[in-house]
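Have the viewer open as you read.

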Amino acid sequence: MKPELVSLILNAVQELGEHNGVPLPTALDGDTPLFGRDGLLDSLGLVTLVVAVEQAIEDELGVSVSLADERALSQRASPYRTVGALADYAGSLIRAAA
Amino acid sequence: MDTPITLITGTRKGIGRYLAEHYVRCGHRVVGCSRGDVDWSLDGYQHYVADVSDEQAARRIFTDVRKKYGRLDHLINNAGIGSMNHSLLTPLSTVNAVLNTNVVGTFLFCREAAKLMKTNAYGRIVNLTTVAVPLKLEGEAIYVASKAAVLSLTGVLARELAPFGITVNAVGPVAIETDLIRSVPKEKIDRLVSRQAIPRLGTAADVANVIDFYLLRTSGFITGQCLFLGGV
Ligand SMILES: NC(=O)c1ccc[n+]([C@@H]2O[C@H](COP(=O)([O-])OP(=O)(O)OC[C@H]3O[C@@H](n4cnc5c(N)ncnc54)[C@H](OP(=O)(O)O)[C@@H]3O)[C@@H](O)[C@H]2O)c1
C-alpha cells in the first residue's frame with residue numbers, strides 16, 4: 001500500500017504547487033520534507049495538504065480517516081515531516097479502519 | 001447561483017427544526033441530524049441519525065455531503081443539551097454529556113465542515129450560545145460553561161478559518177419555549193426576562209433572523225462575533 005499512498009500524496013503536493021503557488025523542487029519522492037526543518041509547507045500549506053490527502057484517500061481507496069495528529073510540531077515524531085512519514089501514518093490509520 | 005447547501009445539527013425538534021424548515025423555505029438544500037429520527041419530512045431536507053459527538057457518524061455525514069454536492073456553504077451548530085440544576089446536584093455523567101454534545105460536537109462539526117468549505121474557499125459557520133453566558137445564570141453552571149466554550153471556539157476558529165474564506169459567528173438567544181427550558185420554573189424565566197433590555201421571551205424566528213444576516217454573501221467581513229438577543 002505504501003507506494004500507492006506515496007504517489008497519492010505526491011499528486012496532492014503537485015496540485016498544491018500548481019494552485020497555491022508553493023515552490024516545489026524538481027524531484028519529489030518519499031524523502032521530500034513536507035513540514036518542519038527544510039519542509040516545503042508552512043502551517044496553512046500543511047492544513048491544505050492534509051485535507052487534500054484525506055479526501056483523496058476517501059475518493060480513491062473508499063476509506064474515511066482523519067489525519068489529525070497531536071505530534072504535528074514534533075521534529076522527530078511528526079507524521080508530517082516527510083512524504084514517506086505521512087504515507088506510513090495514513091497507512092496505519094487505513095489498516096486500523098479496515 | 002447554485003442552491004446553497006446548509007447543514008444544521010439538532011433538527012428533530014425545537015429551534016433546529018424551525019431552522020431546517022426556514023432554510024428549506026429559503027430554497028436551500030438542508031441536511032440535518034439528531035440522535036433520534038424525525039417524525040416529519042420535507043422536500044429539500046435530508047435527515048441523518050447521528051450524535052454530534054460521534055466522530056465516525058459525523059464523518060459519514062460529511063463524506064455523503066461531499067459525494068452528493070461537492071461542497072458545503074453553511075453549517076449551523078444548533079444541537080445542544082442543558083442541565084438545569086444546582087452544581088452540587090449535578091452528576092458527572094451529566095457534565096460529560098453536556099460537554100460532549102455542546103463543545104465536542106460543535107468542534108467536530110466545525111472541523112469537518114471547514115475541510116469541505118475550504119475546497120470552495122467559501123463558508124459560513126454559525127454556533128449557538130446563550131445569554132446565560134454574559135448573565136452568569138446560576139443553576140446552569142455546566143451548561144453555561146459549555147456555551148462559554150462555544151463562544152471561545154467561535155472567536156479562535158474565526159481567525160484560523162479566515163484564510164479559507166470561512167466566517168464563524170455565534171448567536172446567543174434568550175429563553176425560547178422549547179423542551180430545553182421546560183423544566184425551568186416560571187419564576188426563574190421571569191427573572192431572566194426582566195434582566196433583558198426588551199423583556200419578552202424569544203422565538204426561533206428571532207434566531208433565524210440573526211443567522212440569515214450571518215449567512216449573507218455580503219457578510220463576508222463579519223466574523224468572530226456573537227449577537228445576543230433581547231438587548232443582553
Ligand atoms: N430554548 C432556549 O431557551 C435556548 C436559549 C438559548 C440557547 N439555546 C440553544 O439553542 C439550541 C437548540 O435548543 P432547543 O431549545 O431547540 O432545544 P431542544 O428543543 O431540546 O432541541 C435540541 C435538539 O438537539 C438535538 N440533539 C441533542 N443532543 C444531540 C446530540 N448529541 N447529537 C445530535 N443532536 C442532538 C435534539 O434531538 P435528539 O434528541 O433526537 O438528539 C433536538 O433536535 C441549543 O444549542 C441551545 O443551547 C436555546
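Helices here are DSSP runs of H or I with at least four residues, numbered from the N terminus. With that in mind, A:Ile9 belongs to helix H1 of chain A. Please note that this is a predicted model.

**Helix H1 of chain A**

How far apart are the end C-alpha atoms of helix H1 of chain A? They are separated by 26 Å, which agrees with the 27 Å that 19 residues (2–20) should span at 1.5 Å a residue. Just past this helix, A:Gly21 adopts a positive phi of about 65°.

Is A:Ile9 buried or exposed? Its relative accessibility is 0%, and because buried means under 20%, A:Ile9 counts as buried. Other residues of H1(A) are buried as well, among them A:Leu5, A:Val6, A:Val13 and A:Leu16. The buried residues of this helix pack against two helices of chain A, H2 (43–61) and H3 (83–97). For A:Ile9 itself, leaving aside residues up to four places away in sequence, the residues touched are A:Leu49, A:Val53, A:Val83, A:Leu86 and A:Ala87. As for A:Thr26, 17 residues from A:Ile9 in sequence, the C-alpha to C-alpha distance between the two is 16 Å.

**The ligand site in chain B**

Now to the ligand. Which residues come nearest to it? Of the 30 residues around the ligand, they are B:Arg12, B:Ile15, B:Arg35, B:Tyr143 and B:Thr178. By class, the shell holds 13 nonpolar, eleven polar and six charged residues. Helix H1 (14–25) and helix H4 (141–161) of chain B each contribute at least two residues to this shell.

| Residue | Part of the residue | Distance to a ligand oxygen atom |
|---|---|---|
| B:Gly10 | backbone N or O atom | 3.0 Å |
| B:Lys13 | backbone N or O atom | 3.2 Å |
| B:Lys147 | side-chain N or O atom | 2.8 Å |

How much of the ligand's surface does the protein bury? Taken alone, the ligand exposes 890 Å², and the protein buries 96% of that.

**A helix contact in chain B**

One last stop is B:Val103, which sits in helix H3 (residues 92–118) of chain B. Not counting residues up to four places away in sequence, B:Val103 touches B:Val98, B:Ser146, B:Ala149 and B:Leu153. Between B:Val103 and B:Leu151, which are 48 residues apart along the chain, the C-alpha separation is 9.9 Å.

How values were computed. Residues are numbered from 1 along each chain as its sequence is written. Chains are lettered from A and ligands numbered from 1 in the order in which they are written. This is a predicted model: local features need pLDDT of at least 70, side-chain atom pairs count only at pLDDT 80 or more; totals for chains, interfaces and linings use all residues. Side-chain values use heavy atoms; hydrogens and water are left out. The expected span of a helix is 1.5 Å times one less than its number of residues. Buried means under 20% relative accessible area, exposed over 50%, partly exposed in between (1.4 Å probe, protein chains only). Contact means heavy atoms within 4.5 Å. A residue is near a molecule or strand if one of its heavy atoms lies within 4 Å of it. A polar contact is a pair of N or O atoms within 3.5 Å; within protein, one must be able to donate a hydrogen and the other to accept it, and residues adjacent in sequence count only if both atoms are side-chain atoms. Accessible areas come from the Shrake-Rupley method with a 1.4 Å probe; for residues, only the protein chains shown count as cover. Ala, Val, Leu, Ile, Met, Phe, Trp, Tyr, Cys and Pro count as nonpolar, Asp, Glu, Lys and Arg as charged, and the others, Gly among them, as polar.
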